[in-house]
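Hi,

Here is the structure for your files. My notes follow below it.

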Amino acid sequence: TVIEARHDVRKFPDWFQFGTATASYQVEGAWDADGKTPNIWDHLTHNDPCSIEDCQNGDIANDSYNQYKRDVEMMRELGLDFYRFSLSWNRILPTSFPDKINEAGVQYYNNLINEMLKYNIQPMVTLYHWDLPQKLQDMGGWTNPHIVDWFSDYARVAFELFGDRVKNWITINEPREVCIQGYGEDQKAPKLKISGVADYLCDKNILVAHAKAYHIYDKEFRPSQGGTIGITLSAGWVEPETENDIEMAETVRQFEMGQYAHPIFSKTGDFPPVMKERIAAKSAAQGFKRSRLPEFTPEEVEMIRGSSDFFGLNHYSSSMAHKNESSVVQYDVPSYSDDIGAQTYQPTHWSGGASFWLKDVPWGFYKLLTKIREDYDNPPVFITENGYSTRGGLNDDDRIAYIRGYLNALLDAIEEGCDVQVYTAWSLMDNFEWLMGYTERFGLYEVDYESPQRTRTPRKSAFVYKEIVRSRALDPHYEPDTTVMTID
Ligand code: GBH
């Protein structure tokens, strides 16, 4: 029999890896179990519960602390190559420091890792996904330069405990969200809202802390453990509306992704020139005695440059940049937004998910990957998050369309020579979506927050993703049978 050639089915390269991701505070629960101490999200949700959309918190979340075997079962159902999760600093080091290691917390991660490895699912472990020990926050958190030591001590403990089995490490998840949203704005804990100052102090310290952890791994652990380690940055694509907006769009990109990518991945290192120039000029005009953007020493520039084995990228959406004199937005002065001095928006005709910022713009993904290839000498790229939000429900055709669209764009980029090696769907399952609580759902599996077990049920997208992973291909016509999920 002749098998009809299907030109619209696209294959992924043989070496391509598929996974899903979660983060400790978003799924673990067990917020005070077995000696765990509070982090900044425990603190925020307990002291100001309705700063969260549905006044909810991560006290129990998905109860993954107890349900990890079910989590691994889902990974097996999907046929994943790897699973990305993060460690809770407070669970491993209840004093925040390495003077006391919490055996029960360590046991939880050992159980999870060992259960995954039993089925050949590789762990990809994030050291820091936003749940800073509250004690360290009380001492200034990421604005205190001593955090470089605090973080690298913690990192060393993690490498010692788990590095025999964990071969993929991510130091920090999305420094931009940590610093700009947490210290500059009030969009993440600790909601400091000292824009244009605290965010930049955080920027410097988090980059140095990341680099120090990288070098500790590189020198003390890599020789015997042989893994890779890098950082994950968040970036949307910023598209100029007209020819006149090209420079402005580039400035926005430099203040967003470039802020962290330039110090690590460029040839010269350091913050992007446009950022240094603009903030220095504004600071001087505003009467500051020095730039609000702190400087790196030459030694720090060198230590940070090249401190990532891959470019970890979380990408969800895009925006447009334009100059529009008639609708100029007035920003606070000083502030990060005022320092950028640009205007971005998402056209109303862009459709998207339940999160207001999440528009379905696959071509933006393609352009961003191309930009990374051009600006940073084609580094290996790990997509460490990409995904879509709904308000719940098992029939998530819009999520399926989004994932297929973005994977198509990714394949386009690979065909043009981008070195994308890994794709991670956010998320394995619904979870605590930060300030949005449980109102926005990103899971391939739906989680029932009314049930004591936090029952997980595969959505249609889980079946489709499973087929993508199994076939290592994208078939736009594939319609899954969603009656029963199996482990193949
Ligand atoms: C990730 O952050 C987090 O790592 C994860 O914990 C979280 O649950 C998940 O996303 C879903 O929110 O420039 O157009 O992309 C992503 C944070 C929020 C970063 C929106 C970019 C601006 C819109 N992103 N933000 S855009």
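Which side chain has an N or O atom 3.2 Å from an oxygen atom of the ligand? Y316 does. A polar contact here is a pair of N or O atoms within 3.5 Å.

First, the ground rules. This is a predicted model: local features need pLDDT of at least 70, side-chain atom pairs count only at pLDDT 80 or more, and totals for chains, interfaces and linings use all residues. Residues are numbered from 1 along each chain as its sequence is written, and side-chain values use heavy atoms, with hydrogens and water left out.

For N173, a polar side-chain atom lies 3.0 Å from an oxygen atom of the ligand. The protein buries 90% of the 580 Å² that the ligand exposes when taken alone (Shrake-Rupley, 1.4 Å probe). Around the ligand sit 17 residues (a heavy atom within 4 Å). Q26, H129, E385, E433 and W434 are the closest.

**Second largest pocket**

Its volume is about 180 Å³. A pocket is an open set of points on a 1 Å grid where a 1.4 Å probe fits, with protein on both sides within 12 Å along at least five of seven lines; lining residues have an atom within 4 Å of a point. α3 (64-78) and α16 (460-471) each supply at least two lining residues (helices are DSSP runs, H or I, of at least four residues). The largest share, four residues, comes from α3. Among the lining residues are M75, R76, Y119, K466 and D488.

Best wishes

Key:
A polar contact is a pair of N or O atoms within 3.5 Å; within protein, one must be able to donate a hydrogen and the other to accept it, and residues adjacent in sequence count only if both atoms are side-chain atoms. Grid points are joined across faces, edges and corners, and a volume is the space filled by probe spheres set on the points.
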